[in-house]
Protein chains: 2
Amino acid sequence: MGYRIITVSRQFGSGGRSVARAIAERLGYAYYDKELVKAVALETGFAPEYIEEKGEYAPSNSRLSYAFTGSGMPGVMNGMSAADYLYTMQRRVILDLADRGDCVIVGRCADHILKDRPDTLHVFIHADDAYRCQRIVRLYGETEKSPQKRLDDKDGRRAANYKHFTGEDWGMSRNYDLSLNSGKLGEAACVTVLESIVKASLEQ
Amino acid sequence: MGYRIITVSRQFGSGGRSVARAIAERLGYAYYDKELVKAVALETGFAPEYIEEKGEYAPSNSRLSYAFTGSGMPGVMNGMSAADYLYTMQRRVILDLADRGDCVIVGRCADHILKDRPDTLHVFIHADDAYRCQRIVRLYGETEKSPQKRLDDKDGRRAANYKHFTGEDWGMSRNYDLSLNSGKLGEAACVTVLESIVKASLEQ
């Protein structure tokens, strides 16, 4: 069974997105990250910025998110919170993209949404805090918040989002086929390992 | 920095031990599993069966384990529980084995004990329950307990042991450099991936 779809989940600052893009290029697979946001925007009418923020970091119990349920979109959200509605639409888009052919999908609980497809390889990229702190400052610059606080905030919200929608603990090995420490192994080695596993699967 | 030491942690029934043995053979590294038990037996005077059972599955709060502290080995255990004493001795043996040269060490919190050594690659092998149930029945036969219960019991006790001695959640990706799903990827592919990563590290 060849791996036609690769989902890549990643700790903030681990370089998981770069690994995902590189592996898509090496394999000639479609790459869905911002593209997925655009597709969901088209389906839902939500602004891309809103989807990008809430699609992976949705609060699970915000009262505000319920407040506009039914107002302006009567019936459409069926009494769901905006976060739940967004997840439902995002899930639909992910299932649809997976059906269209070879691709790499970044984040957004895609590992859980596609967990029963045998042609899918689920990957988690992580790295230690020191490596990630250094990397986010180099790439995104300094902010008022300390780099450590930025990691903790973003990962904490991804974990809460994942727990809410999947019931599982984010970052647990058992949810992925491969988990790789990009800080220790290096991003290039992560790409090489993934490429060789996917290529071997396609040759079988 | 070449990986001279490989620690392999594994879910019960995942074939992690077979992967560990195979990678040691491929690389010509020493393999420590039962051998480690023997070394700890020599150091402590505990029976090998006791070490094998308690070295990975020690209860963290058994009253009985305290009961014989000081009786028969006055002063030796220094008021520690038998489980804590065993961990301390096991830790000492693992640090010593790591100093002796290239090796693969199975289980026993070796990933945590050696986490600060940069020449060490930490691996976790897991697989889904259906794969593991089938595998343990094939290898170890049926018992009165259901295969699922056997998995849950053994993994639960490994997780409790790991939490007690490391403070970390067992099976969390962040504690390992690579986590591999042997059921999905196949044991042979796990060995190939590990071999290529270690060999590449040694060539640098």
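Predicted model: local features only at pLDDT ≥ 70, side-chain atom pairs only at ≥ 80, totals over all residues.
Residues are numbered from 1 along each chain as its sequence is written, chains are lettered from A and ligands numbered from 1 in the order in which they are written, and side-chain values use heavy atoms, with hydrogens and water left out.

- B:Arg132 belongs to helix H7 of chain B, residues 129-140; helices (H or I, at least four residues) and strands (E, at least two) are DSSP runs, numbered from the N terminus.
- With a relative accessible area of 3%, B:Arg132 is buried; buried means under 20% relative accessible area, exposed over 50%, and partly exposed in between (1.4 Å probe, protein chains only).
- Apart from neighbours within four places in sequence, the contacts of B:Arg132 include B:Gln11, B:Phe12, B:Leu151 and B:Asp155, a contact being heavy atoms within 4.5 Å.
- B:Gly183 is 51 residues from B:Arg132 in sequence, and their C-alpha atoms are 7.8 Å apart.

**Salt bridges**

- Side chains of opposite charge can pair when their charged atoms come close.
- Over all chains, the whole structure has 32 salt bridges, each a side-chain nitrogen of Lys or Arg within 4 Å of a carboxyl oxygen of Asp or Glu.
- B:Asp102 and B:Arg4 form a salt bridge through their side chains, at 3.4 Å from N to O. This pair links distant parts of the chain, 98 residues apart: B:Asp102 is in the loop between helix H5 (82-100) and strand E3 (103-106), and B:Arg4 is in the segment before strand E1 (5-10) of chain B. B:Asp102 is partly exposed at 28% relative accessibility, as is B:Arg4 at 39%.
- In the salt bridge between B:Asp99 and B:Arg117, the closest N and O atoms are 2.9 Å apart. Here helix H5 of chain B, which holds B:Asp99, is linked to the loop between helix H6 (110-113) and strand E4 (120-126), which holds B:Arg117, 18 residues apart. B:Asp99 is exposed at 60% relative accessible area, while B:Arg117 is partly exposed at 25%.
- B:Lys145 and B:Asp153 meet at 2.6 Å, N to O, in a salt bridge; B:Lys145 is partly exposed at 40%, and B:Asp153 is partly exposed at 24%.
- In chain A, a network of salt bridges links A:Arg17, A:Asp33 and A:Arg108.

**Cysteines**

- The count of disulfides over all chains is zero, a disulfide being a pair of cysteine sulfur atoms within 2.5 Å.
- A:Cys133 is buried, at 14% relative accessible area.
- For B:Cys190, the closest cysteine sulfur is in A:Cys190, at 16 Å, which is also too far for a bond. B:Cys190 is buried, with a relative accessible area of 0%.

**Chain A overall**

- Chain A contains ten helices and five strands.
- Of its 204 residues, 51% count as buried.
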